[in-house]
Amino acid sequence: MNSNGHMIDLAKKLASLHIEDSPYNSMHIPEYTYDSLKKGVSCLNCGSLSIRLDGRGLMCERCGGKEELHVGIMRTIEEYRALFPKRQITVSAANDWCRLGMTRLRMQKILKEYLVMDKAGKSTYYSFR
């Protein structure tokens, strides 16, 4: 059999394995809104939202766990994007979601370092590369 015939057979086999009703279609995802969720950076060790700025890092007040500031913020922004894919990532939104009491300038520098700025001016927002 030539390679084209083999590829056609593979395509037919893949098509025959296609599942119309995925078991994930019936999976219940609870309803939630932005305002109904607790906001803040969660601790990687204990899951607590008792995280505070500690110089250039983050520290959990419950278990003492530490994480680099940029890493913790970007992890939290990725969660925000997963939960609210249609909401834009702005400096204000990031500050509100992370709840670290950071200045706008400090959050802006972090977003600019790790994300792509999509628009300049008053309506600047960021997206993942």
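## Aromatic residues and nearby features

Tyrosine 80 is buried, at 2% relative accessible area (buried means under 20%, exposed over 50%, partly exposed in between, with a 1.4 Å probe and protein chains only). The model is predicted: local features need pLDDT of at least 70 and side-chain atom pairs pLDDT 80 or more, while totals for chains, interfaces and linings use all residues. Residues are numbered from 1 along each chain as its sequence is written, and side-chain values use heavy atoms, without hydrogens and water.

The whole structure holds seven aromatic pairs. Rings of Phe, Tyr and Trp (its six-membered ring) pair if their centres lie within 6.5 Å; planes under 30 degrees apart count as stacked, over 60 as edge-to-face and the rest as tilted. Two tilted pairs are listed here.

| Pair | Centre distance | Plane angle |
|---|---|---|
| Tyrosine 80 and phenylalanine 84 | 6.0 Å | 50 degrees |
| Tyrosine 80 and tryptophan 97 | 5.5 Å | 55 degrees |

Tyrosine 80 belongs to helix α2 (residues 69-83) and tryptophan 97 to helix α3, so their pair ties together parts 17 residues apart in sequence. Helices (H or I, at least four residues) and strands (E, at least two) are DSSP runs, numbered from the N terminus. Phenylalanine 84 is buried at 10% relative accessibility, and tryptophan 97 is buried at 5%. Ring pairs join Tyr32, Tyr34, Tyr80, Phe84 and Trp97 in a cluster.

Arginine 99 lies in the loop between α3 (91-98) and α4 (104-114). Arginine 99 is partly exposed, with 48% relative accessible area, and its phi is positive, near 55 degrees. Most residues other than glycine have a negative phi.
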